[in-house]
Amino acid sequence: MDKSTMPMTFSSHHDWYLSMLSSMSSSDGVHPTHLYTYNHVLDGFSAVLSREHLDQLEKMPGFLAIHADTFGRFHTTRSPTFLGLDKNAAGSWPEGKFGEDVIIGIIDTGIWPESESFKDKGMGPVPDRWRGLKQQGLIISTSDDYDSPRDFFGHGTHTASTAAGSPVRDANYFGYAKGTAIGIAPKARLAAYKVLLPMTRIFRLPQTH
């Protein structure tokens with residue numbers, strides 16, 4: 001909606017939207033349902049509208065565009081399939097040898113090395129060009145050793161497995177989204193760096209007053 005066209009009689013664009021919706025008529029007597037008013041990034045609202053309601057809205061002052069709601073599908077364990085990659089067909093995935101001898105650096109919350117996604121069975125020696133160091137005292141040992149690079153949050157482990165996780169059959173979340181979890185480059189090497197610690201505020205935007 002173009003908020004610059006809002007009549008001065010309204011104290012907020014939220015009230016303006018509610019007035020618009022309440023003024024709409026319908027042959028079946030069903031009124032529009034306001035769901036949410038957007039106050040950031042864009043000016044507009046979400047609502048349940050019939051075709052009749054939409055035709056009326058499009059003719060109202062300030063109308064700019066409408067975006068129909070859509071249904072999404074989870075692809076948590078099927079990223080390669082979602083991207084249209086096929087290991088048995090000609091294309092960039094097999095031609096890239098599934099990331100063989102590529103070294104991927106993950107700068108995140110650390111890693112949970114015991115995860116099935118990080119099994120290195122069948123992989124050759126570490127490439128000679130590897131320049132990483134095994135820092136004294138930072139070797140991951142027990143499952144509660146969070147002073148080490150062990151992942152306390154899960155995000156680093158998740159991103160690492162998405163990038164280079166080995167195939168894990170029958171991966172699921174309490175029976176949901178069952179499938180074979182596999183990274184985009186399952187033959188690549190991982191270098192995990194823990195730079196976000198438990199006291200770090202992750203994904204929290206600074207508050208403004």
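Residues are numbered from 1 along each chain as its sequence is written, and side-chain values use heavy atoms, with hydrogens and water left out. Because the model is predicted, local features need pLDDT of at least 70 and side-chain atom pairs count only at pLDDT 80 or more, whereas totals for chains, interfaces and linings use all residues.

The largest nonpolar core consists of nine residues, namely M1, W16, Y17, M20, L21, M24, F45, L57 and M60. A nonpolar core is a set of buried Ala, Val, Leu, Ile, Met, Phe, Trp, Tyr and Cys residues joined through side-chain atoms within 4.5 Å; buried means under 20% relative accessible area, exposed over 50%, and partly exposed in between (1.4 Å probe, protein chains only). Helix α1 (residues 13–22) supplies the largest share of this core, four residues. Helices (H or I, at least four residues) and strands (E, at least two) are DSSP runs, numbered from the N terminus. In soluble globular proteins, nonpolar side chains tend to be buried together.

Within the largest core, F45 touches M1, Y17, L21, H34, Y36, T37, Y38 and L57, when residues up to four places away in sequence are not counted. Contact here means heavy atoms within 4.5 Å.

Strand β1 (residues 33–38) gives the largest share of the patch, three residues. L42 is placed in the loop between β1 and β2 (44–48), and it counts as partly exposed because its relative accessibility is 48%.

Strands β4 (residues 168–173) and β5 (residues 176–181) run antiparallel and are joined by three bridges; two strands pair if DSSP finds at least two bridges between them. V168 stands opposite A181 in β5. The two strands form a hairpin with two residues between them, and F174 in the turn has a positive phi of about 50°.

S117 lies in the loop between β3 (103–108) and α5 (155–164). This residue, S117, counts as buried because its relative accessibility is 12%.
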